[in-house]
Amino acid sequence: MALQKKTNKPEAPQFEDESETQTNQETLTTEKETTMLNETTTTTGEISTVGTSAQVSTQLNPAARAKAFQAEFSALENALDTSYDVMPMFKANQGKIGETGGDKRKLGRWAKVQLIGWSRRLEISPGEQGKQYKDYVAYSKDTKTIDSVFGEDFKVWIGKPVQEYLDFLKKEEELSKASSRLFVDCAVAVLGSETDECIGEVVNISLSSSSIRSFEKYQNELNAKARCAAMGIKGFDLPDNPFQFYFITEDATNGNNEWTRIRISSDLPSKF
């Protein structure tokens, strides 16, 4: 099916509906998550077709397939531009996976996807909701330096340190709640969804801090299987297509605060 091209003018992405308590705990403390994403993508050995196959070839022996998976996962990092003004962005919100701009489309409680790229993104938020604050929103791909700002008046901050921009928001703009949060943007081909929306499109499903843990778990489990297979341990093998899975929403709580997060599953639970 041909990919559908969106023509709607992008809007500023909405902020994830996570608790304020959790946001404060996770502000700028991204080293552990970043290390986790880094340390499991290293591999050795020569693999042809890295970064080009839709799945790890089943014609390879288990050890070769394991190495191919590790190399492929690493090659998918930063493979595509997932910026909200380039690719439709979806986030977990009020129990559903929904589009943050454009037509506000809903994938529903689940989506079957094929991962074709992923990247980290630090979002610098003014800490206040409303259209009057959207120009303050900025992004950093390396989590250290500002590389894009939504408002024209603040683009002078591009290329400057994230911490300096946060200090500016708090001290000069008196936005005491300004903070930053790490996201993992997943470029995926939508193969199915609860609402049948977006099938055949490539979209960005953006994972917030609480959802990143599921992405790390998925990555770690597959890498563990890959290592076992590479070592010749019987009974361990990768699925035929380790990059095809389901994004599923679930409720999360922290004290009296409630929000929606996303987890990854190889199968769709029977309750759906």
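## Close-up views of a predicted model

**View 1. H5 and the largest pocket.** With 6 residues, H5 gives the largest share of the lining of the largest pocket. The pocket holds about 480 Å³ of space. Here a pocket is an open set of points, on a 1 Å grid over the protein atoms alone, where a 1.4 Å probe fits, with protein on both sides within 12 Å along at least five of seven lines; lining residues have an atom within 4 Å of a point. Grid points are joined across faces, edges and corners, and the volume is the space filled by probe spheres set on them. This is a predicted model, in which local features need pLDDT of at least 70 and side-chain atom pairs pLDDT 80 or more, while totals for chains, interfaces and linings use all residues. Residues are numbered from 1 along each chain as its sequence is written, and side-chain values use heavy atoms, leaving out hydrogens and water.

**View 2. The residues around the pocket.** The lining of the largest pocket has 18 residues, and Tyr218, Glu221, Ile264, Ser265 and Ser266 lie nearest the centre. Two or more lining residues come from each of H5, strand E9 (244-254) and strand E10 (257-265). By type, the lining splits into 7 nonpolar, 5 polar and 6 charged residues (nonpolar: Ala, Val, Leu, Ile, Met, Phe, Trp, Tyr, Cys and Pro; charged: Asp, Glu, Lys and Arg; polar: the others, Gly among them).

**View 3. Helix H5 from end to end.** After H5 comes Gly232, with a positive phi near 80°. Helices (H or I, at least four residues) and strands (E, at least two) are DSSP runs, numbered from the N terminus.

**View 4. Thr143 in its loop.** Look for Thr143 in the loop between strand E5 (138-140) and strand E6 (148-149). Although Thr143 is not a glycine, its phi is positive, about 70°. Thr143 counts as buried because its relative accessibility is 18% (buried means under 20% relative accessible area, exposed over 50%, partly exposed in between, with a 1.4 Å probe and protein chains only).

**View 5. Asp196 in its loop.** Asp196 sits in the loop between strand E7 (179-193) and strand E8 (202-207). Its phi is also positive, near 65°, in a residue other than glycine. Asp196 has 58% relative accessibility, so it counts as exposed.
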